[in-house]
Amino acid sequence: MIEARHLRVLRAVAATGSFSAAARELGCTQPAVSQQMKALESSAGTPLLIRTGREMRLTQAGEALVRHASGILAGLTAAEEEVAAIAGLRAGRVRLVSFPSGSSTLVPTALAALRAAHPGTRVSLVEAEPPRSVEMLREGDCDVALAFRYGAGPAEWDDLVVRPLLADRLVGLVPEGHRLADAESVGIAELAGESWIAGCPRCRRQLVEVCEEAGFTPRIDFATDDYPAVVGLVGAGLGVAVLPELAIESVRPKGARTVAVEPAVEREIVALTLPDLAQVPAVAATLDELSRAATRA
């Protein structure tokens, strides 16, 4: 019989490429990983790994098992949580992953309300930007992912439960003494000759696309994924930027002014989970509180 703990070890070995690296990720010893892999191969009745020097390569059977592992482990987690809630043993456990500006705006409100309504529910939070956060959800490393996207990709999230939360518009950020600081709105082409400060990779890609549609390529002199750093650079007069409104809410724009940018560009903020996990009471309650927090944002 294939055991869940063995599947977790196989997935770690496949992701890291070696027993020693998998052991570090799982917080155990290399011999323990080796023993569990031997037990899994014995249960499967066929080799799952090909050992080439220090690296491991999956056999066809190993690839098939890894492909099914995430769904199996997510299903087991869902079953464990639902049964525990029904039995009254505990209210539940939720592992949440969020992008930084969501962590500082939507998440605190949602988790405070969740704790007040369900004090027995335990919630953990780690930060990751999409698409990594979505990968973590599919790999069984979290239960709910707060994510965003610019435009719906073809079948991008068709295998997931998608809870739309809000539309987050991109706004311009210019120094207080800038020629456009007092403008109600600014056409993106009016910033063609400026020095630019780029934000997160997804926002940066969207920025370049919007600027190219307006007939120019932005000169990005500073690139940082840290929103306070972007605001600080703009406030120091070193350039201009566009940031999501949620990011501006989480940072005091000292020395900088926000202006509406045309054409309008919005990113869709959503909460994601797996179909099995959506039935877990604690996960469902978390989705509900995130939705309520979004209406107040």
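The model is predicted: local features need pLDDT of at least 70, side-chain atom pairs need pLDDT 80 or more, and totals for chains, interfaces and linings use all residues. Residues are numbered from 1 along each chain as its sequence is written, and side-chain values use heavy atoms, without hydrogens or water.

Me: How many helices and strands are there in the protein?
Reply: Helices (H or I, at least four residues) and strands (E, at least two) are DSSP runs, numbered from the N terminus. The count is eleven helices and twelve strands.

Me: What percentage of the residues count as buried?
Reply: Buried means under 20% relative accessible area and exposed over 50%, with partly exposed in between (1.4 Å probe, protein chains only). The protein has 297 residues. The buried share is 46%.

Me: Which residues of H3 are buried, and where do they lie around the helix axis?
Reply: Helix H3 covers residues 30-44. Its exposed residues Gln-35, Lys-38 and Ser-42 sit on the face turned away from the buried side. The buried ones are Val-33, Ser-34, Gln-36, Met-37, Leu-40 and Glu-41.

Me: Which residue just after H3 takes a positive phi?
Reply: The phi is about 75 degrees. The residue is Gly-45.

Me: Which element gives the most to the lining of the largest pocket?
Reply: On a 1 Å grid over the protein atoms alone, a pocket is an open set of points with protein on both sides within 12 Å along at least five of seven lines; a cavity is a set where a 1.4 Å probe fits but cannot get out; lining residues have an atom within 4 Å of a point. The largest pocket holds about 390 Å³, and of its 20 lining residues the closest to its centre are Arg-8, Arg-11, Glu-139, Gly-140 and Asp-141. Elements that give two or more residues are H1, H2, H4 and S3. With five residues, the top contributor is H4.

How values were computed
Points joined across faces, edges and corners; volume = space filled by probe spheres on them. Expected span 1.5 Å × (residues − 1).
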